[in-house]
Amino acid sequence: MDIIHLLPDSVANQIAAGEVIQRPSSCLKELVENSLDAGATHIQIVVVDAGRTMLQVVDNGSGMSATDARLAFERHATSKIRTAADLFSLHTMGFRGEALASICAVAQVVLTTRREEDEVGTLLEINGSEVVRQEPCQCQVGTNMKVRNLFYNVPARRRFLKKDATEMRQLLQDFYRIALVYPKVAFTLLDNDEVVLDLPVGTYKQRIEQIFQRNTRRQFCDQLIDVKVNTQIVNIYGFIGKPEGAQKGNPQYFFVNGRYMRHPYFHKAVLNAYTGMLQGEQQPAYFLYFDIAPEAIDVNIHPTKTEIKFADEQSIFQILSAAVREAIGKFNVSPSIDFDREGDYESAPVRGNAVPTSLSITANREYNPFKTRQTPPANWERLYRTPDTTPINNVSAPIEPEPMLDLQLDPQVTITAESVMQFDDRYIFCAQPSSVLVVDRYLAHVNVLYNVFSRRFEDSTSCSQQLLFPDTIDLSADDARLLNSALDDFRSLGFDIDAIGPESFVINGVPSELGEQNDVRTLLDMIAELSEASDVREQWHRRMALALARKVAVPNGKRLSADECVDLLTRLLRLPTPAFTPDGKRIVTTLSAKDIAALF
Ligand code: ADP
Ligand code: MG
């Protein structure tokens with residue numbers, strides 16, 4: 001008996017759909033890209049339950065004829081390329097003709113569409129690849145695509161979706177990647193009747209501000225420096241944040257020929273230009289748009305992949321790094337430079353016929369971004385305000401540390417003011433009979449605090465300090481969703497935060513250990529930390545505890561008293577894993593007499 005048979009189209013489409021449509025955000029991306037390809041200038045998006053129940057995209061683009069509307073849902077049906085050669089002169093976002101076929105295989109779709117030249121439009125209803133209705137209808141010019149109950153017929157996939165808050169955040173983030181490239185297209189986005197984003201037509205910079213400029217993000221928004229360089233290989237334009245505005249979680253975007261891309265190598269090129277200007281985990285904001293001849297990049301990319309290959313990555317690395325460095329230097333020379341020379345950005349296409357211009361880079365070596373920086377506040381005392389600090393009144397009492405990962409401790413470690421020594425306001429040496437402990441003080445403190453904060457999620461022993469003047473913060477739509485879903489966790493840690501609007505919050509109190517630290521900044525850093533975490537609660541808690549510990553720990557360069565060093569070491573050695581931070585950084589090492597002898 002023959003056993004091979006062809007899969008019915010509906011099944012084949014469902015399988016293919018798994019590739020293209022993974023979650024509501026990828027569905028939205030495909031629909032919006034189609035609207036843009038159809039020349040729409042206004043696109044309205046309605047989302048219900050993060051797109052799980054309904055996703056609707058209404059555009060004023062070209063619309064479709066009755067025949068095209070029907071054909072559009074077939075696999076490999078596209079109006080955008082005819083031959084493989086066309087791939088190399090792509091000007092549209094889509095070209096594979098797979099998206100609509102995939103979407104209608106796993107959802108219930110209702111389409112109404114009309115072209116300007118047609119008196120009546122077309123209504124088409126498709127459930128799981130099956131056309132259930134097609135008839136003429138009255139509708140506006142353009143296309144209205146309503147996608148309901150995504151994955152209704154693929155329960156495994158539907159179960160795989162994350163909670164609404166997470167899906168919605170992903171959806172917004174994917175949407176930003178498109179909206180940032182089309183400032184000349186107006187967008188509105190509604191989430192269950194609430195207007196989340198209303199983006200009127202504007203300039204690139206205005207679009208960035210519309211999305212990110214809330215008072216708390218202004219730090220980078222008010223400080224965008226423009227970047228522009230034209231070369232034979234590539235034209236780059238856009239904005240970078242001033243070094244002073246660098247902070248964890250700042251938005252960073254690369255686009256190539258109107259498409260978002262991830263490019264770790266070019267990211268390095270940008271960071272390269274900021275060498276010596278960033279501290280710790282600070283990240284500059286950047287929005288950089290590349291225009292390059294299509295034949296110089298690999299266009300046959302998978303719709304869900306955002307990595308793009310370039311023919312000449314090394315040269316582009318150099319050009320990019322130099323351009324960013326120049327922009328930083330230039331800004332410092334004439335900070336009043338007019339950044340809104342809009343026309344410059346609008347007319348930058350290279351597309352193979354670039355006008356060669358010379359690239360002259362004159363970085364200002366005098367520029368010192370640190371000169372206005374304040375040194376961190378001297379508030380190491382916070383160490384002793386930790387509520388569950390057991391007062392160490394007998395500092396020389398022997399302690400019994402838990403077994404430590406490859407850390408050789410003398411059986412009876414005694415830590416006394418006489419045996420510890422601080423070095424470089426950064427390390428603590430602790431002499432034992434047969435070895436010397438060398439401790440990274442900051443990391444030790446982080447580890448101790450991390451353990452304190454971690455426990456709060458279980459026993460809610462937090463101690464909140466009310467602010468005399470509560471701070472309000474406004475967040476971008478995606479960050480606001482994140483904070484909303486983590487409010488209880490923040491409260492466990494001692495933050496007293498309430499939502500006062502869809503994207504506004506008031507901070508009434510902070511964990512008492514935070515002391516004089518900037519509460520808004522701390523909160524933002526923690527949100528940024530969370531946005532990199534997975535959906536698992538424990539991981540959130542770990543990240544939050546660690547982020548807060550990093551903020552509260554006494555920074556390097558502040559001197560501790562001998563007693564404080566003793567206290568810190570004592571508490572460190574009581575932890576289950578004193579030798580490493582939760583993120584795997586080594587805190588303690590030992591030098592034996594033999595190690596020291598080997599130095600001579
Ligand atoms: P692709 O975008 O790769 O061509 P799709 O499956 O996304 O494939 O769309 C198939 C075709 O349907 C498109 O080529 C286009 O002709 C038509 N189409 C889809 N969405 C729209 C829209 N919003 N307005 C006009 N035409 C559309
Ligand atoms: Mg498409």
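In which hand of crossing does H12 pass H16? The notes below come to that, after a look at the ligand. Please keep in mind that this is a predicted model.

1. On the backbone side, an N or O atom of Leu100 sits 2.9 Å from an oxygen atom of ligand 1, and a polar backbone atom of Ala99 is 3.3 Å from an oxygen atom of the ligand. Thr143 takes part through its side chain, where an N or O atom is 3.2 Å from a nitrogen atom of ligand 1.

2. How much of ligand 1 does the protein bury? Taken alone, the ligand exposes 530 Å², and 92% of that is buried by the protein.

3. Now for the pair of helices in the opening question. Helix H12 covers residues 441-459 and helix H16 covers residues 562-573; their axes lie 9 Å apart, and the two pack at an angle of about 55°. Because of that angle, H12 counts as oblique to H16. As for the hand, H12 passes H16 in a left-handed crossing.

Technical notes: Residues are numbered from 1 along each chain as its sequence is written. Chains are lettered from A and ligands numbered from 1 in the order in which they are written. This is a predicted model: local features need pLDDT of at least 70, side-chain atom pairs count only at pLDDT 80 or more; totals for chains, interfaces and linings use all residues. Side-chain values use heavy atoms; hydrogens and water are left out. A polar contact is a pair of N or O atoms within 3.5 Å; within protein, one must be able to donate a hydrogen and the other to accept it, and residues adjacent in sequence count only if both atoms are side-chain atoms. Accessible areas come from the Shrake-Rupley method with a 1.4 Å probe; for residues, only the protein chains shown count as cover. Axes are lines fitted to C-alpha atoms, for helices over the stretch in contact, and angles run from 0 to 180 degrees between N-to-C directions. Helices (H or I, at least four residues) and strands (E, at least two) are DSSP runs, numbered from the N terminus. Angles under 35 degrees count as roughly parallel, over 145 as roughly antiparallel, 65 to 115 as roughly perpendicular and the rest as oblique. A crossing is left-handed if the near helix is turned anticlockwise from the far one by less than a right angle, and right-handed if clockwise.
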